Amino acid sequence: MDVTRSTLAKILAVVFVLNLVVMGAGAAYSYQHQPPIPDEIVGPDGDVLATHESIQDGKAVFQSNALMNHGSILGNGAYFGADYTADALELKTEFMREYYADERYGEPYADLSAEAQAGVDSRVTADLDRSMSGDSADYTAAEAYAHEQVREVYVERYHEGDAERGIPEGMIGSAEDARKFADFAMWTALVSHAERPGTDHSYTNDWPYNPLAGNEPTGATMVWSAISMVLLVGGAGLGVWLYNSIELPEPSTEGIKVPDPADVDLLPSQRAATRFIPVAALLFVGQVLLGALLAHYYVERDAFFGIGEALGVDVIQWLPFALAKTYHLDLGILWIATMWIGAGLFLPGLLTGHEPDRQVPAINGLLGTLLLVVVGGFVGIYLGSKGFFDGPLWWLLGNEGLEYVEVGRVWQVGLLLGFAIWAFLAYRGLKPLLDREQRFGLAHMILYAGGSIGLLFVAGMLYTPDSNIVMTEFWRWWVVHMWVEGAFEFFIVAIVGITLVSMGLLRKRSAEKAVALQVLFVMGSGVIGVSHHYWWIGQPDVWIPFGSVFSTLELVPLILILFEALGQYRALAASDDTFHYKLPFAFIIASGVWNFFGAGVLGFFINLPLINYYEHGTYLTVAHAHAAMFGAFGLLALGMATYMLRLSVDPAEWVGKRLWWAFWLWNAGLAVMVGLSLLPVGFLQLEAAFTEGYAAARSLAFYNRDLVQLLFWARFPGDTMLILGTVVFAYDVVKKRFVLRDVTEDASTGPVASRVLGDDDD
């Protein structure tokens with residue numbers, strides 16, 4: 001079947017508009033059906049237990065103290081601490097049991113007979129079987145008692161500190177703020193068991209699993225899981241058929257002239273772009289070291305091999321889990337983005353041989369701007385965690401406190417400005433190619449992909465601390481998920497396509513067709529697929545069918561990308577020693593494989609509604625995140641850095657041995673970490689959630705099980721290999737900075753530019 005590039009581009013435009021319509025209408029509908037925050041929560045004697053203001057203040061306490069990077073809310077956040085929603089609901093039911101046991105029998109609940117306990121349980125379930133709408137919520141006496149008790153538990157735990165849980169003293173600065181945080185957590189527990197008007201389930205579709213509170217999987221959860229399985233088989237078959245029906249030439253090293261690095265000239269702007277690599281390597285080293293610390297915290301929550309005690313340093317006070325996790329996540333995004341930015345500034349000169357006026361100082365200025373924003377953002381996060389900022393400054397300059405978008409709003413605007421500058425500089429470099437190709441050309445695709453990363457960041461500006469947490473999460477997932485399943489995947493296929501063209505393995509028009517087809521599948525599923533994050537956070541029911549269908553179909557483009565990786569592998573296997581790009585090519589292949597396994601296989605498994613109901617916020621998600629983020633996006637970034645180095649280093653001085661060591665250490669380390677630790681812990685958590693309740697699967701008692709502790713230790717060999725690979729890479733990058741080749745002012749007659757701009761490839 002012959003489909004032209006123009007046809008694919010038109011279909012892609014239609015799909016893009018359709019996505020905007022669906023998600024835009026969904027946003028409006030979600031605002032109308034967000035769970036209400038009552039003006040007052042009132043006990044039976046008329047006492048006001050919590051107000052709209054105290055609940056929203058509690059949300060601000062939650063964000064400003066980075067509690068989302070210690071535990072999670074509505075299943076979203078870090079998994080070191082409790083899920084505050086499940087924890088508050090569990091504590092609420094426990095205290096209600098004690099209240100009724102004392103009221104009826106004058107004894108603790110544990111001392112009652114099975115028959116008496118059943119009667120108490122029935123009364124608790126009946127109390128929690130309520131609807132909630134309007135201006136106030138009326139509590140029973142047992143609920144009022146439980147609410148007050150939970151507030152005091154949170155004061156003891158989050159203000160006074162709990163070393164056994166890895167909570168430093170003063171994590172929340174005052175007892176009153178801790179009580180407000182409890183009000184917020186208890187409100188999320190309330191919406192998790194209170195029925196949404198007009199339905200037979202709660203605002204969160206009866207999540208988290210807690211039979212005593214009446215929370216069990218809904219019929220829709222069951223039905224759409226079955227539909228997802230049907231769609232998987234049908235969608236995968238259709239996708240493979242379409243992919244094979246459209247003629248797409250595979251990469252090949254036979255019968256073509258692959259440019260020798262010695263024949264490729266280096267422009268001044270390209271040399272400037274390589275400066276992003278050592279900066280990214282430094283950020284990468286910091287990230288993996290913090291990752292090892294975070295892993296160790298699961299074993300020793302209040303120490304670090306006794307070193308802190310020996311030195312008289314309280315580790316969890318100096319570098320608590322929440323702060324380390326914040327830096328770990330942000331560094332992961334930043335080093336990958338830094339390498340991608342460098343690649344986006346290096347490739348234009350390679351493809352066009354064009355050196356825009358004053359491009360070098362502009363690139364250096366961009367690097368300086370990004371460093372300023374990163375340092376400012378990280379200092380702001382630290383100062384915010386110490387309570388340095390008053391009023392709105394905590395979220396403007398300090399820590400906005402939301403996973404993956406932690407840095408203050410001012411620093412986020414700075415990052416957005418950096419993306420805009422990058423897009424302008426990439427446009428200048430690609431101008432000769434942009435002028436002669438159509439709007440669906442590869443150069444345009446690079447700009448579209450990079451621009452979409454920045455554009456989606458704007459969604460993070462659509463909420464404030466005063467926003468309902470449900471809508472805050474709605475927009476946060478626009479940034480996080482649409483980056484990962486949309487813009488990042490778009491960038492991957494565009495970068496890989498343009499890299500294969502520059503290597504001489506594909507003609508430009510062939511790469512354009514392949515990229516357009518893959519982007520069509522990615523955008524057709526990944527954008528609306530964000531809605532699988534909305535099932536349990538209080539969003540309206542419409543997101544269950546949307547999330548089930550499109551998150552299932554997200555696997556299809558990843559299958560196609562895997563096919564591409566296998567085709568690329570065949571080209572690599574068929575090549576001989578004259579092929580100079582085996583190392584960056586290996587990174588491209590590994591990225592495709594990990595993308596399929598991490599984002600595809602594991603992503604599909606945990607996003608089945610019925611699995612996700614019990615799995616949400618467990619180590620299975622951790623396995624998925626590490627395999628997808630580092631395996632897919634990190635390895636591609638490292639591959640691009642390797643390709644840049646291969647062309648920038650003096651050919652006579654090139655040594656790839658250390659980079660090969662790093663490559664295998666990273667892949668082996670990731671496989672060990674995911675396969676021997678993260679996945680087994682996740683499956684044990686899934687079992688615990690199913691048999692004991694979700695709160696039990698996220699409890700300290702679960703993490704302290706002997707087998708779970710053994711599995712935590714089992715990840716250390718993998719962590720060690722990842723750290724060694726990163727250190728070897730950073731060392732090699734520094735060494736190669738001293739053997740860069742000389743630059744030339746004009747590369748328009750070079751082997752890559754002359755072929756890409758050739759008349760026969762239009």
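1. Let's start with helix α21, which has 26 residues and reaches 35 Å from its first C-alpha to its last, close to the 38 Å expected at 1.5 Å a residue. The expected span is 1.5 Å times one less than the number of residues in the helix. Helices here (H or I, at least four residues) and strands (E, at least two) are DSSP runs, numbered from the N terminus. Of the 26 residues of α21, 20 are buried, so the helix is largely enclosed by the rest of the structure. Buried means under 20% relative accessible area, exposed over 50%, and partly exposed in between, with a 1.4 Å probe and protein chains only.

2. A word on the model before going further. This is a predicted model, in which local features need pLDDT of at least 70 and side-chain atom pairs count only at pLDDT 80 or more, while totals for chains, interfaces and linings use all residues. Residues are numbered from 1 along each chain as its sequence is written, and side-chain values use heavy atoms, with hydrogens and water left out.

3. Which helix does α21 pack against? Helix α21 (residues 582–607) packs with helix α24 (residues 657–692) at an angle of about 5 degrees, and their axes are 11 Å apart. That makes α21 roughly parallel to α24. Angles under 35 degrees count as roughly parallel, over 145 as roughly antiparallel, 65 to 115 as roughly perpendicular and the rest as oblique. The axes are lines fitted to C-alpha atoms, for helices over the stretch in contact, and angles run from 0 to 180 degrees between N-to-C directions.

4. For the residues at this contact, look on the α21 side at a set that includes K582, F587, W594, F597 and F605. Among their partners in α24 are W660, F663, W666, N667 and F683. Contact means heavy atoms within 4.5 Å. By class, the contact of α21 with α24 has 18 nonpolar, one polar and one charged residues. Here Ala, Val, Leu, Ile, Met, Phe, Trp, Tyr, Cys and Pro count as nonpolar, Asp, Glu, Lys and Arg as charged, and the others, Gly among them, as polar.

5. Now the core. The largest nonpolar core has 247 residues, and Y154, F181, W335, W340, L638, W666 and F729 touch the most other members. Helix α17 (residues 469–503) gives the largest share of this core, 24 residues. A nonpolar core is a set of buried Ala, Val, Leu, Ile, Met, Phe, Trp, Tyr and Cys residues joined through side-chain atoms within 4.5 Å. If you click on W340, its contacts, leaving aside neighbours within four places in sequence, are W422, I453, F488, F491, I492, F633, L636 and A637.

6. Helix α18 (residues 508–526) is also worth a look. This helix has 19 residues and reaches 26 Å from its first C-alpha to its last, close to the 27 Å expected at 1.5 Å a residue. Helix α18 is mostly covered, with 17 of its 19 residues buried.

7. A cis peptide bond joins W207 and P208, with omega at about 5 degrees. D206 is placed in the loop between α6 and α7 as well, and has a positive phi of about 60 degrees although it is not a glycine. D206 is buried, with a relative accessible area of 10%. Most residues other than glycine have a negative phi, and most peptide bonds are trans.

8. L74 has a positive phi of about 55 degrees, although it is not a glycine. L74 sits in the loop between β3 (72–73) and β4 (76–77), and is buried, with a relative accessible area of 2%.

9. Leaving aside neighbours within four places in sequence, R157 is in contact with D87, L91, D162, R165 and I167.

10. Q56 is found in helix α2 (residues 52–64) and counts as buried at 9% relative accessibility. Apart from neighbours within four places in sequence, Q56 is in contact with I37, P465, D466, S467 and N468.

11. Finally, Y99 in helix α3 (residues 84–105) counts as partly exposed at 23% relative accessibility. Y99 touches A141, A142 and Y145, not counting residues up to four places away in sequence. Y99 and A362 are 263 residues apart in sequence and 68 Å apart in space, C-alpha to C-alpha.
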